[in-house]
Amino acid sequence: QHAGRREAKKLVAKTVGARGAHKIRLYAAEHDLSKYILFDCGLVHYLLNGADLLKTTVSERSRAILCETFVGNELIATMTTRDDLFYWKSGNRAEVEFFLKSPGMIGVEVKASRGDHKSLNSLALLEPEVNLLVKITEGLPSFDPKYEAALPNQSGRRVIPMMRIPHYLVSRLPALLAERGVKEVN
């Protein structure tokens with residue numbers, strides 16, 4: 001709260017350098033519009049809710065950030081290189097939390113609860129090289145090989161595979177992708 005912008009940037013750089021956080025770049029961006037994932041979900045919880053962790057009800061926004069942090073950590077742990085991990089954002093404010101360049105071009109949306117598919121649909125329609133959508137959310141796992149991505153204010157449609165998995169299966173994502181025939185792209 002008391003640090004200036006320059007000091008805050010130094011602190012973030014030191015945290016990344018100390019391997020306490022990971023920098024995730026915006027896919028296909030001309031400027032550095034990175035976001036950061038802290039490797040310690042407990043620290044994230046503390047930063048979001050303060051010292052009274054046990055007396056505090058976690059807000060829906062904080063829960064969403066914690067889910068994104070957890071999923072980001074699990075994805076990083078399963079990847080052979082972090083250079084293939086991005087996030088994606090469109091001009092109409094749609095954002096997909098994670099964009100994997102390998103294996104395949106995959107959009108990974110994280111929802112604390114069920115949520116909608118608008119951001120994944122935007123990704124599918126605006127990025128033709130994307131070959132799979134993954135939604136991490138509550139509920140049972142499912143796979144729809146012919147999911148139809150569409151937006152109410154756009155005329156285009158695209159048929160693309162969509163996988164839905166619960167949060168607790170994120171560490172198995174590479175195996176689930178392999179089962180569906182998604183292989184490493186080199």
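Which glutamate forms a salt bridge with Lys 35 in which the closest N and O atoms are 3.6 Å apart? The partner is Glu 95; here a salt bridge is a side-chain nitrogen of Lys or Arg within 4 Å of a carboxyl oxygen of Asp or Glu. The views below show a predicted model, in which local features need pLDDT of at least 70 and side-chain atom pairs count only at pLDDT 80 or more, whereas totals for chains, interfaces and linings use all residues. Residues are numbered from 1 along each chain as its sequence is written, and side-chain values use heavy atoms, with hydrogens and water left out.

**View 1. Lys 35 and its salt bridges to Glu 68 and Glu 95.** The structure holds seven salt bridges. In one of them, Lys 35 meets Glu 68 with the closest N and O atoms 2.7 Å apart. Lys 35 belongs to strand β2 and Glu 68 to helix α3 (residues 60-78), so this pair ties together parts that are 33 residues apart in sequence; helices (H or I, at least four residues) and strands (E, at least two) are DSSP runs, numbered from the N terminus. Lys 35 and Glu 68 are both buried, where buried means under 20% relative accessible area, exposed over 50% and partly exposed in between (1.4 Å probe, protein chains only). The bridge from Lys 35 to Glu 95 has its closest N and O atoms 3.6 Å apart. Because Lys 35 lies in strand β2 and Glu 95 in strand β4, that pair ties together parts 60 residues apart in sequence.

**View 2. The network that joins Lys 35, Glu 68, Lys 89 and Glu 95.** Glu 95 also forms a salt bridge with Lys 89, at 3.9 Å from N to O. The relative accessible area is 14% for Lys 35, which is buried. Glu 95 is partly exposed, at 24%, and Lys 89 is likewise partly exposed, at 44%. Through shared partners, the salt bridges connect Lys 35, Glu 68, Lys 89 and Glu 95 in one network.

**View 3. Lys 35 over the ring of Phe 98.** Lys 35 lies over the face of Phe 98, at 5.4 Å from the ring centre. A charge sits over a ring if NZ of Lys or CZ of Arg is within 6 Å of the ring centre and within 35 degrees of the ring normal.

**View 4. The aromatic cluster of Tyr 27, Phe 86 and Phe 99.** Two aromatic pairs are found in a search of the whole structure. Tyr 27 and Phe 86 pair edge-to-face, 5.7 Å centre to centre and with 80° between the planes. This pair links distant parts of the chain, 59 residues apart: Tyr 27 is in the loop between β1 (21-26) and β2 (35-38), and Phe 86 is in strand β3 (residues 85-89). Tyr 27 is buried at 17% relative accessible area, as is Phe 86 at 7%. The rings of Tyr 27 and Phe 99 have centres 4.3 Å apart and planes at 40°, so this pair is tilted. It too links distant parts of the chain, as Phe 99 is in strand β4 (residues 95-100), 72 residues from Tyr 27. Phe 99 is buried, with a relative accessible area of 0%. Rings of Phe, Tyr and Trp (its six-membered ring) pair if their centres lie within 6.5 Å; planes under 30 degrees apart count as stacked, over 60 as edge-to-face and the rest as tilted.

**View 5. Strand β2, its two faces and its pairing with β1.** Ile 37 is buried at 3% relative accessibility. The C-alpha atoms of Ile 37 and Glu 68 are separated by 8.4 Å, although these residues are 31 residues apart along the chain. β1 and β2 pair in the antiparallel sense over four bridges; two strands pair if DSSP finds at least two bridges between them. Leu 38 in β2 is the bridge partner of Ala 21.
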